[in-house]
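Please keep the sequence and the structure in view while working through the numbered points.

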Amino acid sequence: MVLHIVGAAVYIILGAFQFATGFRRRWPGWHRVAGRLVVVCGLLVGLSGLWMTLFYPWPKGDGALLYALRLLFGSAMVGSIVLGFAAIRRGDVRRHRAWMLRGYALAGLE
């Protein structure tokens, strides 16, 4: 749970700066280094969230629908981050931005 919380804090804070055009253009090296950390933290958050959903006891009041939504959104977040990273490795900036934005938005739902 600690890894999930710390990873989420880094992901949310650094991730927000990744979308700031001024940071990306002025310091592209910073964007790359911070982006790699954001990817690692995002995967940590998504995968630990999935793990907790699958293996922790259900909190009182949680039902099957919430369980299914956690699995759906956690999987979608991890998938979006992986596809965004793969896109930038291919040099496809447009798809990279789209997938990373999806992954960042899904973090709020997971």
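1. Tyrosine 11 lies in helix H1; helices (H or I, at least four residues) and strands (E, at least two) are DSSP runs, numbered from the N terminus. The model is a predicted one, in which local features need pLDDT of at least 70 and side-chain atom pairs count only at pLDDT 80 or more, while totals for chains, interfaces and linings use all residues. Residues are numbered from 1 along each chain as its sequence is written, and side-chain values use heavy atoms, with hydrogens and water left out.

2. Is tyrosine 11 buried or exposed? Tyrosine 11 counts as buried because its relative accessibility is 2%. Buried means under 20% relative accessible area, exposed over 50%, and partly exposed in between (1.4 Å probe, protein chains only).

3. Which residues does tyrosine 11 touch, not counting those up to four places away in sequence? They are Ala16, Val38, Cys41, Gly42, Met77, Ile81, Gly103, Tyr104 and Ala107, where contact means heavy atoms within 4.5 Å. Alanine 107, counted in the same way, touches Tyr11, Ile12 and Met77.

4. The side chain of tyrosine 11 also takes part in polar contacts. One of its polar atoms lies 3.2 Å from the backbone oxygen of glycine 103, and the side chain reaches the backbone nitrogen of tyrosine 104 at 3.3 Å. A polar contact is a pair of N or O atoms within 3.5 Å; within protein, one must be able to donate a hydrogen and the other to accept it, and residues adjacent in sequence count only if both atoms are side-chain atoms.

5. Tyr11 belongs to the largest nonpolar core, which has 12 residues in all, including Leu14, Val38, Met77 and Ala107. The elements that give two or more residues to this core are H1, H3, H4 and H5, and the largest share, five residues, comes from H3. A nonpolar core is a set of buried Ala, Val, Leu, Ile, Met, Phe, Trp, Tyr and Cys residues joined through side-chain atoms within 4.5 Å.

6. Of its 110 residues, 32% count as buried. Among contacts with a separation of 6 or more, 61% come from residues 24 or more positions apart.

7. The largest pocket holds about 650 Å³ of space. On a 1 Å grid over the protein atoms alone, a pocket is an open set of points where a 1.4 Å probe fits, with protein on both sides within 12 Å along at least five of seven lines; lining residues have an atom within 4 Å of a point. Grid points are joined across faces, edges and corners, and a volume is the space filled by probe spheres set on the points. This pocket is lined by 22 residues, and Gln18, His31, Arg32, Ile88 and His96 lie nearest its centre. H1, H3, H4 and H5 each give two or more residues to the lining.

8. The second largest pocket has a volume of about 240 Å³. Of its 12 lining residues, Gly49, Met52, Thr53, Pro59 and Arg70 are the closest to its centre. H3 gives the most to this lining, with three residues.
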